[in-house]
Amino acid sequence: MLRASKYNIEFSAFDGKKYICNGLSGTIIRDPGKDILSLTEDIEFLKLHNFVYEASTNELDILDRRNSTSGYDDIVEITLMVHENCNFRCKYCYQDFKNRKISGVVSDDIVSRVTELVASKGGLVAHFYGGEPLLAWDSMLSLIEEFQDICRSNSADFRFFLTSNGSLLTQERVEVLSNLDVQHVKITLDGTRDFHNANRPMASGASTFDVVLDNLIAASNLIPIVLRINVGDENVGSITTLLDEVADRACNIQNISIDYNIVYNRTDSSLSNGVTYKDISELQKHAFGRGFRLRLPPITRARNCKFNSKNSFLFDATGTTYLCDKSAKTQIEITNDEAVSRSAVVGTKKDSLVKHFRSHRKDCLTCNLLPMCGGGCRILSLDKDSPACPPWKNHIAEYLSAHLINAER
């Protein structure tokens, strides 16, 4: 006997038509207007894409098996704070601006550790971060070349990308990154010129909007750019003006994707005061209307969190290793003993972060959005009884509508 998946989500899209999305497969179909179990002619398709199951099937077991055998443990993923200082002083930044970069013995040690990890794995993904990573341009290039050599020697794939404020992204550097086949560079503009300059000034207090926009537009002719926009109550009304300015100047708009980072309360998923999900939907529609793609998370999670793989680490400029963000509670040691290497001090007790990252909060077990959100940010929920739910939790129709349009581009 068959039954419908508990992870089937019915929604009305921006076009007014009704659809069904299965969270386990990420597949979206038109709503047939009748019981899905009555679609006998399509039953094999529906089984394949998880819309229907044998009644005895435990879908949570399927999700857990996928998270533990997704293949991500066979890939080494590292984030490198190649420089911990920054030439900007953004109002909301949490960095401590230490003037140091990865170099010398620290660089050699990281290369040595990555060599050992990649030797038994299927590839390497590197995210260059900061501070401002382009302050350590030479060190970053040296590491990229080392990583390329390591992967070639092991017949492994290598991919890399970076997050930058964009002010130092000169044409010469763009050409180098293009030749190295960078996946993308993520750059932030937080609204129109006045708003951005007030919130993301140089350390000297000087304006940054024009140089960042000029560099972004020029870079997009050669490499993929992810334009990150932090959306809150103070700038939500000016973002369409920013998008129009970027779109009017861009010669290769297909190389620019928009990443709306929505400011929200991670305790109850409520949006920033004065912002509604209708505002977010209108911004998404405006981006589509101007020819942009959106940078969206996948509909379905192949794992709970990017950083819950056994071989995912963050290195700061001193070579100190962390699970994800740079904080005492996520500091780890890389050893051959997983129980040691993936553990951390949380409060006054030892707690296995891997167990925490791969287990579900009680609230999540009955939630039909679990395959889509993965249970929220594990670090934010370390000391809580409830998960850190995503901001789209109560706006699933708008969230899936954006995915639907994005997939058609």
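Predicted model: local features only at pLDDT ≥ 70, side-chain atom pairs only at ≥ 80, totals over all residues.

Biologist: OK. How many salt bridges are there?
Modeller: The count comes to 13 salt bridges.

Biologist: What does Arg-3 pair with?
Modeller: Arg-3 forms a salt bridge with Glu-59. The N to O distance is 3.1 Å.

Biologist: And where do those two sit?
Modeller: Arg-3 is in strand β1, residues 2–4. Glu-59 is in helix α2, residues 59–68. They are 56 residues apart in sequence, so the pair ties together separate parts of the chain.

Biologist: Is Glu-59 buried or exposed?
Modeller: Buried. Glu-59 has 2% relative accessibility, and the cut-off for buried is under 20%. Arg-3 comes out at 24%, so Arg-3 counts as partly exposed.

Biologist: Next one. Which residue does Arg-100 bridge to?
Modeller: Glu-84. Their closest N and O atoms are 3.3 Å apart. Both residues lie in the loop between β6 and α3, 16 residues apart.

Biologist: How accessible is Glu-84?
Modeller: Its relative accessible area is 1%, so Glu-84 is buried. Arg-100 is partly exposed, at 28%.

Biologist: What about Arg-228? Which partner does it have at 3.3 Å?
Modeller: That is Asp-259, again by a salt bridge. Arg-228 lies in strand β10, residues 225–231. Asp-259 lies in strand β11, residues 256–262.

Biologist: Which residues are in a network with them?
Modeller: Lys-186 joins in. Salt bridges link Lys-186, Arg-228 and Asp-259 in a network.

Biologist: Switching to helices. How do α4 and α5 cross?
Modeller: At roughly 10 degrees. Helix α4 covers residues 137–153, and helix α5 covers residues 171–179. Their axes come within 12 Å.

Biologist: Why call them roughly parallel?
Modeller: Angles under 35 degrees count as roughly parallel. The crossing is at roughly 10 degrees, so α4 and α5 are roughly parallel to each other.

Biologist: Which residues meet there?
Modeller: From α4, it's Trp-137, Met-140 and Leu-141. From α5, it's Arg-173, Val-176 and Leu-177.

Biologist: How many of those are nonpolar, polar or charged?
Modeller: Five are nonpolar, none are polar and one is charged.

How values were computed:
Residues numbered from 1 in each chain as written. Heavy atoms only, no water. Axes fitted to C-alpha atoms, helices over the stretch in contact; angles between N-to-C directions. Helix = DSSP H or I, 4+ residues; strand = E, 2+ residues; numbered from the N terminus. Parallel < 35°, antiparallel > 145°, perpendicular 65-115°, else oblique. Contact = heavy atoms within 4.5 Å. Nonpolar A, V, L, I, M, F, W, Y, C, P; charged D, E, K, R; others polar. Salt bridge = Lys/Arg side-chain N within 4 Å of Asp/Glu carboxyl O. Buried < 20%, exposed > 50% of the residue type's maximum accessible area, 1.4 Å probe, protein only.
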